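Please read the following report beside the sequence and the model.

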Amino acid sequence: MLEFYEPQADYGTPKSTSTTMVTLSIDGVSVTVPEGTSVMRAAAENGVKIPRLCASDQLKSFGSCRVCLVEIEGRRGFPASCTTNVEAGMEVKTQSDQIGKLRRNVMELYISDHPLDCLTCPTNGDCELQDTAGEVGLRSVRYGFEGENHLVAEKDESNPYFTFDPSKCIVCSRCVRACEEVQGTFALTIDGRGFDSKVSVSQDEDFMGSECVSCGACVAACPTATLTEKSIIEAGKPEHSVITTCAYCGVGCSFKAEMKGNEVVRMTPYKDGKANEGHACVKGRFAFGYATHKDRITVPMIRDSIDDPWREVSWDEAVTYTAKRFKDIQAQYGRNSIGAISSSRCTNEEVYLVQKMVRAGFGNNNIDTCARVCHSPTGFGLKTTLGESAGTQTFASVADADVVIVMGANPTEAHPVFGSRLKRRLREGAKLIVIDPRKIELVSSPHITADYHLPVRPGTNVTLLNALAHVVVNEGLEARDYITERCDVAEFGKWLAFIGDERHSPENTESITGVDAADLRGAARLYATGGNGAIFYGLGVTEHSQGSTAVMGIANLAMLTGNIGRDGVGVNPLRGQNNVQGSCDMGSFPHELPGYRHISDKATRDLFENEWGVTLDSEPGLRIPNMFDAALDGDFKGLYCQGEDIAQSDPNTQHVEAALRSIECLVVQDIFLNETAKFAHVFLPGASFLEKDGTFTNAERRISRVRKVMPPLSGKADWEGTMALANALGCKMEYNHPSEIMDEIARLTPTFNGVSYDRLEQLGSIQWRCNDDTPEGTPIMHVDQFVRGRGFFAMTEYVATTERANRKFPLLLTTGRILSQYNVGAQTRRTENSEWHGEDVLEIHPHDAEERGINHGDWVGINSRVGDTVLRADVTDKVKPGVVYTTFHHPVSGANVITTDNSDWATNCPEYKVTAVQISKVTQPSNWQARQKSFDKQQQGLLQRGLSQSARH
Ligand code: SF4
Ligand code: SF4
Ligand code: SF4
Ligand code: FES
C-alpha cells in the first residue's frame, strides 16, 4: 500500500460517538451527521473545508484563532465553526464576501508577525498557515515588520529529534493541548497575555531539561514550522508513504513510514491505527535510525570456532554449512540435540516458519520463544481459568473503566501510548489502584494521584491477591449472580472455603506483603464496588516463582467481581515486545502447536502432519532453560536463535554463557552482532521491520500488517532466510510471499480461520478470534460465556520463594524498563534515545544508602548468590527501604549476572523480579564486567578481521 505523500486528513474536531443523527444544511446542501458533531467537522465530512488554524481532530475544539467563522441563519455575528455544534434544521453558510474579508483580516495579522521565508522553510508545501493564507485568498499584508514582533526569538535545538523555532509560532496552543490531552504530560504552557503570549516549556526550560517525554504529539499538532522534526529539516518533505506497525512494544502502534526513495524521513503515527489513534511514543516515533546504523551486518558469516575470525560467505554457503553441521550433530548426539528459539520481534509468519522448521525439519519439538522469560505464566494462568491464553479487551475499552488496577506494570514507561490513554481516563475521574513495589509515575503525576498505592514486597504478589479476594468474599462484595451464571460453581465453592480462611486477611498478611491492611481493604472495596473494574498487569506479576499462580489470582479476582466480558473491565496483560502475543499464538512453545493446541493431541497432529507431509513427535520438547542445562550436560549441541539476545536477556548470565560456549553450532540471525552472536558459529543477517512484509499481534490480540518500505539490506527477509535453511535441511518450503504463510496458518488454526491479507487490507486490523462466527474479529473475549465454558477459580496457595532477604543478602532487587530504551537496548542504544538513558543505574532508598555510606552517583557493587556487578547509585525514595531497582538495557550493566535461575513453577518463567542482594560502595567494575569488556573487544576484532567494509551498512 504505497501512496504518494499526503498529510493525513484532519476533520478539525474529534468524531462524535453519538448514535442520534442530525440533519442540517451547509451551503445549501442537506447533510446528516451524529449529534455532537461540530459545524466544522460536519462540513469537512461532506467535502467542505472551512479554513482553520487552532483546530485539529485530535484535540478538543478551542476557538481561539477566529479563522473558521461562518454564518448561521438566525444567529447574530459570525460563530466559530469549530466550537459550534450542529443542530437540526440549522442553515450554515461557509462562504460570503463578509466572511472572506473577516478571515483575511485575521490571517493578515498572523502573517504580519511571521517570517516570510516560505521558500527556504522546512515545511514549505506542508504548512497549514501557508495553506490557510491561500484558502482565504490573502494576497498582501498591510503591516510591515518594523513594529514589535517575535521574529528574532531564539530556537531551542535541545531535543535530538525536533526543533522549536518560536519565531514561527502563531500561539494557537495546539501543542500545549496535545501535550495535555493526547500525551498527558503537561510540559507546555502559554505564558503571558496578548502580544507577549508565548509557548513555554515547563518553567521556561529547554525541551531536554523539562519533563517532556519526546512523544512528538506537539510536533504533529503544530500547524507551522515552529515544531519540526529534524529529519524533515535535513531531508526535506517526504515523497511517498507506507502504513506499517511499530516494532517496539506490545501496544502495536500504526505508523505512516514517510519516505524519500528508500530512506525513512519520518514516522507519523497513523490516525486510523486502532491501537494508537494517531499517538506515539519516543521509540516508535523517532527511534528508527538503528535500521540503517553502521553496525548493521548485512552478509552471512561462518566460523568453526568462536576464537576464529568470521568469514563472509554467500547465503547458499551459510545455509548449506549450517544444515550439514546440524545433521552431523543429530547423527552423533541424537535427534533431540538441536533446537531453535524464535523471536517476539519477528513477524507471525516468521515465527510460524521457525517452529515448522523445528517440528517438520529437525524432527523434534525443541522450539521455544522469549515469551518463556516474560509472559508464559499469562498463557498458562489465563488458559486455566478463562480458557484462552490472551488478554480480554481492546485498549480503547479503558475509556469505560471506572476503577483500574495496574499491577506490576509501568505503562507510562513501557507501554506509553496505552499509558496516555489510561491517564486520559483517570483525568476524567476513573479511580486508580497501583500495586507495585516502586512509586511508578502513575502513583503521582500531573492531575493524577492513585487512590491506593500498595507497595507490595517483591515475591509476595500471590498473598496480596489472596488478601484482596478475601476482603471481597468476607465483606459479601462478590458478584454472586455472575458467578452462578458463568463459573464452575462446585470449584468456586472449594475456592471460597480456601480464600475465606483468616490466614488470608489483610491483617494477617501485612507482615508478608508489607502492605498496610487498611489500604488493602480500601483497595479491595473500591475494585469490587466502584463500577467497571479493569486490571492491567505486566512482568511484575509474571516473572516470579509463582507467576502463573498470580495470573490465576488476578483472573479469580476479576471473575469474583463480575469484571470480565464487557467494555471497561477485563484482565489485560501488557505484553513487552511487539509480537510476544503473536509468537505464542504461532506455536512457539515446545508443547503447543499454533493456536495453543497440545502436541500430544492426535487430531491436531494429524492436521499438521497432513499439511506438512511429515510425522510429528508427540512429546513436548525442551524449554529455553532446559536447553541451557542440556547443553551443559553435553546433550544439546545445535541452536538456531532468531532475533533474540539470550546472552543478555536471560537470567544468570554466567550460566547462559557457559551453556552457549558448550554448543557446537550456534546460529544467530540478527541485525547486529549482539551478545549472543559473540558465541556463534553462523551469523545470518536479519532484516529490520522496515525491510519485510508480515503481521504483528499486539497485546489486544490485534493482528496488524507490517509492510516492507525498503528492500532487505541483506537481500533476504528473515522468513526467506529460515525458508532457505529449512530447504537445505530437506524440509520443503515454497512460499512466494508471507501472505501465503498466513493462509496456511489460517487453514490450520481455528482462531485464525478468517484471517488473510485481503481481510486485513479491508479492516485495517483484526483482533483474533476471527473465523466464520466472528468474521471481523473479537474485540472483547468471554462476552456471553468463558472460552473454557465455565470460569474456573483456581487455588492460589502462596508458597514463598526460596529467594529471600537474609543477613548476607539483605535487600531485594527488582528490575524494570525505562521509556527511552527498549529491552536489551540493541535498537534504542543505536539511536539518540541514549541521550535520555546512557546507562543503567541502581535505585536505592536514602535510608539503605546512608547505612552503607553510599551517596548519589557513587559506584556500587551488587552481589547476589550467583554473581556480582557494578552500577552507579541513584538515591531515591521511588523505592522503599529494603528494595533496590534497576533496568537492564545496557550489556555492560550485567543486570542478569545477578538474577538467579529460580523460575515459575508452571512455566519456568525466570524470577527476574526477586533477587536477594547486598550493596556496597566500590571503586572498580566487577570481574564479570572486566571479562565482558575484554571478550567484547576480542569479538569485535574477529568481526573486523573477517568482514569487508561493504558488508557493514
Ligand atoms: S514531545 Fe510530547 S511530552 Fe514533549 S512537549 Fe511535546 S507533546 Fe509534550
Ligand atoms: S508551537 Fe506550533 S502548535 Fe504550538 S502554539 Fe506555536 S504554532 Fe501553535
Ligand atoms: S507505545 Fe509501543 S508500539 Fe507505540 S510507538 Fe511506543 S514503542 Fe511503538
Ligand atoms: S479553528 Fe476555529 S477558532 Fe481556530
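The report takes up the ligands, then a pair of helices, then the aromatic pairs.

This is a predicted model, in which local features need pLDDT of at least 70, side-chain atom pairs count only at pLDDT 80 or more, and totals for chains, interfaces and linings use all residues. Residues are numbered from 1 along each chain as its sequence is written, chains are lettered from A and ligands numbered from 1 in the order in which they are written, and side-chain values use heavy atoms, with hydrogens and water left out.

**Ligand shells**

A residue is near a ligand if one of its heavy atoms lies within 4 Å of it. Ala, Val, Leu, Ile, Met, Phe, Trp, Tyr, Cys and Pro count as nonpolar, Asp, Glu, Lys and Arg as charged, and the others, Gly among them, as polar. The shells divide by class as follows.

| Ligand | Nonpolar | Polar | Charged |
|---|---|---|---|
| Ligand 2 | nine residues | three residues | one residue |
| Ligand 3 | nine residues | two residues | one residue |

Around ligand 1 there are 13 residues, the closest being C179, C212, C215, G216 and C218. Helices here are DSSP runs of H or I with at least four residues, numbered from the N terminus. Both α4 (174-183) and α5 (217-221) supply at least two residues of the ligand 1 shell.

Ligand 2 is also surrounded by 13 residues, and C169, C172, S173, C175 and C222 are the closest.

The shell of ligand 3 includes C246, C249, C253 and C281, along with K283, P416 and V417. Two or more residues of this shell come from each of α7 (282-286) and α12 (416-427).

**Helices α13 and α16**

The axes of α13 (residues 461-474) and α16 (residues 506-513) come within 10 Å and cross at roughly 165°. Axes are lines fitted to C-alpha atoms over the stretch in contact, with angles from 0 to 180 degrees between N-to-C directions. The two helices are therefore roughly antiparallel, a term for angles over 145 degrees. In contact (heavy atoms within 4.5 Å), T463, L464, A467, H470 and V471 of α13 meet P506, T509, I512 and T513 of α16. This contact has five nonpolar, four polar and no charged residues.

**Aromatic pairs**

Rings of Phe, Tyr and Trp (its six-membered ring) pair if their centres lie within 6.5 Å. The count comes to 19 aromatic pairs. One of them is F326 with F362, whose centres are 5.5 Å apart and whose planes stand at 85°, so the pair is edge-to-face, the term for planes over 60 degrees apart. F326 lies in α8 (residues 315-333) and F362 in α9 (residues 348-362), so the pair ties together parts 36 residues apart in sequence.

Terms used:
Angles under 35 degrees count as roughly parallel, over 145 as roughly antiparallel, 65 to 115 as roughly perpendicular and the rest as oblique. Rings of Phe, Tyr and Trp (its six-membered ring) pair if their centres lie within 6.5 Å; planes under 30 degrees apart count as stacked, over 60 as edge-to-face and the rest as tilted.
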